[in-house]
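This report walks through one protein model for a reader who is new to structures. Please keep the sequence and the 3D view at hand while reading.

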Amino acid sequence: MKTKAKGSVASRLIGLADLVIEAAERGKDPTINIPVRALSNVKFNEARGIIEMGANKQARSFFNVGMAKKFMQTMLVGDALAELQRGELTTSLREIYYRAKHTLQDSHENTFDNQNESDPIIEDLEVALAALREELHVRAENAGTIVGPLVLVDDGDRVDCAKMGKGGYSVPSIVEPDYVEISKCTADFVLLVEKGTQWNRLAEDKFWKKYNCVLLTGNGQPPRGVRRLARRLHDEKKLPVYVLVDNDPWGYYIYSVVKQGSINLAFESQRMAIPTAKFIGLSSLDPETYGLPRNVGIKLNEKDVSRAKELLNYPWFQKKPWQREIRRMLSSGLKYELDALASKDFQYLTKKYLPKKLKDRDWLD
Amino acid sequence: MTKHIVKAEAQEQPKRRPAARVGLTAAEMGASQREISVSEFFTKNRHLLGFDNPRKALLTAVKEAVDNALDACEEAGILPEVLIKVEVVPVNGVKPPPAQATRFRVTVVDYGPGIVREQIPRIFAKLLYGSKFHRLRMSRGQQGIGISAAGMYGQLTTGKPVEIISRTGEKSPAHYFEVQINTKTNEPRILEKKQIEWENHRGTQVSIEMEGRYQKGRASVDEYVELTAIANPHVKLVYVNPDGETKVYPRTFNELPVHPREIKPHPYGIEFGILLKMLHDTKSHWLSGFLASDFSRVSPRVAEEICTKANISPKKRPRDIMGPEAEALYKAIQSTKIMAPPTSCISPIGEKAILTGLYKQIKGDFYTAVTRPPAVYRGNPFIIEAGIAYGRGPQQGVEEKRKVPLAEGEAGDKETELARVIRYANRVPLLYQQSACSTFQAALDTSWRNYGISQSKGAMPAGPMVIFIHMASVWVPFTSESKEAVADYDEIRKEIKLALQECGRRLGIFLKRKEHAKSEFHRRNIFELYIEEVVEACKRLKDGKLAAEKLKSQLFKIAMKRTGGEKTDEILGKKGGPEGLPDSIIVTAEGVEGDIPALQEPLAGEPEAAAPESPAPAAAAPAVELELPLALPPAKPAQAKKAAPAPKKAKASKKKPAPKRAKR
């Protein structure tokens, strides 16, 4: 299966060159059609509970002054990606940037001025060629950590995630079965924590042992590897997934990305989204329930407020409890970090908050 | 100055009074009170004249001597030529390097009218002696302190006299003088006088030995000479610096400035005390006659009107008017409507001359100059002139720079260089106290952003730009005797701003055109550059199995078809080179359209005349001058320019892709 997929991605990349050659042959402007990656082109599939990409495509033509440079950059990135296929190598976004960067002949103009120009093009090619990032051999940094009663096989190495100390196992960016195999898992659920600091707290307190769960963190917005691994645990081991984030608009959005998928990577939703994931906290009701004093809250700034209002309009936040949740935060004018729980006790999260939440089945869907 | 002396005396008395209690009698006190000579006063207050530190003293001495030389030549109707020499004087037989030397000899030679023998000592060794103070006419010097103060400074710091050689004509002998100033009596002391042989037919040479410090850069003698050359293109300057290098600033404008005429004071401009003095000194017998003859713009009818307003008989003897009557007269004058003073007393540099000066001394892509119509502050007529030199000019360095690929983040690097303001009063550069100067304030006040130039709040506009500001007046209101900054009168600042705004507007047009031409060029180049890249990428994708040349030419063909083809080439070509503009243009009052013809007038004849005269160092931009003749027929430079980037195009294809311009 591995080789088959590789061949097709490589040929799709070579297809870029064919596209140019054919257009030139017929005297036409070479054009690549790229699905639009924006809110305007995503649909929330309520039946499946995931965000799906629409059919809108954007034409990227070479002989258009506004797009010429991007077209050229797309070809260069395509070339670099094909090189990875040929060499059977994986690489990072940044290395691709450097690989494709050079100074245009007889000028002082660079093909790319910074990585912000090459990153979106890689995503463009992912959607345009319907190739997954792993298939393109591009990996992200290992930005996630896992600990819990499960055993993985990574590159033939057996990794017992119950014996990884406090640090846990660093989740690679590519966790497809070809690369990482879940050979054994006895956990009852997955707890995905937004912040590394709180993950550390839970790992140190051996929360996972006591409650028999897998602890995952993505240090902020979870990267693909973490999301994909959670999804696989959900699919393959039928584990429910709970998400623990800060009580602010960004926390809500992180939860929604885990659950329904993101706008930018809507085409990946069906592979990564976990429509049954639950929002365990921090809820805007929690400060009241758990007696968090007002003085550990943080005033919502303008950005927070406008972001929260955006969320209110997203189709996947239309459920009544969610509208109530967000509006409650807006009307209180405050946001709370997970860390604020420490105001009551250092181990409040492990000893009181989560046990009560789990016992009361107090979560949002 | 009188003011200062009065103050000095006034300060002494209250100090003495408490002492009286200790036992001094009025007679004793009286015995210790005596006149303070002007020279003594300035010995102690040398900073008032610009001799506060050794570096500034050296500059001031050069400046005063050159001012005098230029004034003399212009007054005599001679196109000035001045030699300035600053030499290191050996101390104990050792000649230190210029940067460490503390003693210098400043020598300034002009080939002007010379000075009659009798006047020499007083001109150079008596403070407040001169022809310029009492008249209302524009000149560089105003008070008659400058050169003698420089001499006095030399005398104070080295004990050496001022050496003068002067000759009034071929048939007269040259006189050599060594003079010093008697600081008590403010009278000259002649140490040596004799007739000598002198190689010059006429002119004056003054030589002062003094303590000083020579340092290049801002507010240096070098800068002064350079700036003088800009504002005085009718002057030929030869400057020998302490390193022994000679710099020649050739004459580029062969017309003497219009000789300013002397005027009588305007009634609005005088103060009460001066009115009293004039009443006392006048030769007129009637008040009405005095008003009409001793002031400018006072006709007999206006004089009558003033008398009626003041309720004084027009036939009253001026000498008898004092006290309340004089005050009434003063008020009546101020409240009567009187025509603005005549402006024949001012001679502006002129737009063309400024353009020539800027063009010659400052590298740039764009020059403009504005001479404002005359205006009046406190009864003194004045004219503001402004100019801008913008850009870096055609540099050789640019090519080398391009060869270095840019690193990440460098592409956005912007020059943070701020505009430099060069200020002049009556053609004399002002080098100190920039921020106290009205001209500088006006430049700050102007909203440069309106003209497409970035400017952060409270700062000079940013960019490779030199702002030239000149105030010409019979009496420039300086903030101090050392003549470093123009006082901030509303009328003056307003005029400066108007002039700068006009310059800015023209610069804005130029910048916009340049921007436009650049983007045209950019468009036409985009495809050319990118096709190369795309074809290379395709070739690699196809693992080398690709007829690259064929693909390239096919793509070029499409580009051509889609962007208007050769028509656009032609349009672009006609605009002259890749930038669409010649390297330098000058926008004059006639408008932007006539920029190239306007260039010819001040410059066409000049560079040729100047070239053999000045070998290399003086001309700031010899390359520019060579290029100018090319710019005359508009078609030629375009072709020359096109030929330059040829190799790339030849390699790419015979036909060039062109931007989309025609279609849009």
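## Terms and numbering

Two residues are said to be in contact if their C-beta atoms, placed from the backbone, lie within 7 Å. This is a predicted model, in which local features need pLDDT of at least 70 and side-chain atom pairs count only at pLDDT 80 or more, while totals for chains, interfaces and linings use all residues. Residues are numbered from 1 along each chain as its sequence is written, and chains are lettered from A and ligands numbered from 1 in the order in which they are written.

## Glu163 of chain B

Leaving out neighbours within four places in sequence, Glu163(B) is in contact with Glu178(B) and Ser207(B). Glu163(B) belongs to strand 3 (residues 162–167) of chain B, where helices (H or I, at least four residues) and strands (E, at least two) are DSSP runs, numbered from the N terminus. Glu163(B) and Val206(B) are 43 residues apart in sequence, yet their C-alpha atoms are 5.8 Å apart in space.

Is Glu163(B) buried or exposed? A residue is buried if 20 or more other C-beta atoms lie within 10 Å of its own, exposed if 12 or fewer, and partly exposed in between, with C-beta atoms placed from the backbone. Glu163(B) counts as buried because it has 20 C-beta neighbours inside 10 Å.

## A covered helix in chain B

Helix 7 (residues 221–231) of chain B is mostly covered, since nine of its 11 residues are buried. Among them are Val221(B), Tyr224(B), Leu227(B) and Ile230(B).

## Two helices of chain A

Helix 11 (residues 302–313) of chain A and helix 12 (residues 320–332) of chain A pack with their axes 10 Å apart, at an angle of about 165 degrees. The contact involves Val305(A), Ala308(A), Leu311(A) and Leu312(A) of helix 11 of chain A, together with Gln323(A), Ile326(A), Met329(A) and Leu330(A) of helix 12 of chain A.

## Where the chains meet

The contact between the chains takes 32 residues from chain A and 26 residues from chain B. On the side of chain A that touches chain B, helix 1 (2–25) and helix 2 (68–87) of chain A each supply at least two residues.

## Confidence in chain A

The mean pLDDT (the predictor's confidence in each residue, from 0 to 100) of chain A is 89, and 98% of its residues reach 70 or more. Over residues 1–7 of chain A, however, the pLDDT is below 50, and this stretch has three contacts in the model beyond near neighbours in sequence.

Terms used
Axes fitted to C-alpha atoms, helices over the stretch in contact; angles between N-to-C directions.
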